[in-house]
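Colleague: Could you take me through this structure feature by feature, giving the general idea each time and then the case at hand?

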Amino acid sequence: QVQLVESGGGLVQAGGSLTLSCVASGSIFSINEMGWYRQAPGKQRELVATITTGRIPNYVESVKGRFTISRDNAKNMVYLQMNSLKPEDTAVYYCNARLKIRYYSAPQLYWGQGTQVTVSS
């Protein structure tokens with residue numbers, strides 16, 4: 001009964017900005033790491049950024065200095081602020097969360113359904 005829902009994707013010109021949001025809802029006891037991945041047509045899904053419960057971020061080299069990941073633990077949300085977007089950033093962006101549904105359960109990874117980001121040149 002856990003759901004992750006992304007929003008905020010769309011079409012933007014190169015050099016523009018977008019902010020993606022993802023909310024986790026349902027039977028959640030705690031959330032550990034949250035992250036954003038992306039998958040371009042014909043390519044494998046790749047890591048974009050992750051953030052720990054203590055808000056320590058990690059980025060793939062290609063987005064460092066342009067993207068910022070953040071989270072609101074009280075709202076079970078993770079965000080991805082994307083600046084200076086490039087056509088090569090075009091992809092479906094997915095959020096994920098490693099979370100526990102009970103205090104005694106093992107953490108499991110959940111994924112959202114994805115949101116399309118298209119950057120035109």
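**Reading contacts, strands and surface**

Modeller: Let us begin with a loop residue: Phe 29 is found in the loop between β3 and β4, and, like everything we shall discuss, it belongs to a predicted model.

Colleague: Which parts of the chain does the salt bridge between Asp 89 and Arg 38 tie together?

Modeller: The side chains of Asp 89 and Arg 38 meet at 3.0 Å, N to O. Because Asp 89 lies in the loop between β8 (77-82) and β9 (91-100), while Arg 38 lies in strand β4 (residues 30-39), this pair ties together parts that are 51 residues apart in sequence. Both Asp 89 and Arg 38 are buried.

Colleague: What about the contact between Asp 89 and Arg 66, and where do these residues lie?

Modeller: Asp 89 also forms a salt bridge with Arg 66, with an N to O distance of 2.8 Å. Arg 66 sits in the loop between β6 (57-59) and β7 (67-72) and Asp 89 in the loop between β8 and β9, so the parts tied together are 23 residues apart in sequence. Asp 89 counts as buried at 1% relative accessibility, and Arg 66 is likewise buried, with a relative accessible area of 10%. Taken together, Arg 38, Glu 46, Arg 66 and Asp 89 are linked in a network of salt bridges.

Colleague: For strand pairing, I would look at the direction and the number of bridges; which strands pair with β4?

Modeller: β4 runs antiparallel to β9, and eight bridges join the two; within this pairing, Tyr 37 stands opposite Tyr 94 in β9. β4 also pairs in the antiparallel sense with strand β5 (residues 46-51), over five bridges, and there Trp 36 stands opposite Ala 49 in β5. The hairpin of β4 and β5 has six residues between the strands, and in this hairpin Gly 42 takes a positive phi near 75°.

Colleague: Which cysteines are joined by a disulfide, and what is its handedness?

Modeller: The count is one disulfide, and it joins Cys 22 to Cys 95 with an S to S distance of 1.9 Å. Cys 22 lies in strand β3 (residues 18-25) and Cys 95 in strand β9, so the pair ties together parts that are 73 residues apart in sequence. The torsion about the S-S bond is about 40°, so the disulfide is right-handed. Cys 22 and Cys 95 are both buried.

Definitions and conventions
Residues numbered from 1 in each chain as written. Predicted model: local features only at pLDDT ≥ 70, side-chain atom pairs only at ≥ 80, totals over all residues. Heavy atoms only, no water. Salt bridge = Lys/Arg side-chain N within 4 Å of Asp/Glu carboxyl O. Helix = DSSP H or I, 4+ residues; strand = E, 2+ residues; numbered from the N terminus. Buried < 20%, exposed > 50% of the residue type's maximum accessible area, 1.4 Å probe, protein only. Pairing = 2+ DSSP bridges. Disulfide = S-S within 2.5 Å.
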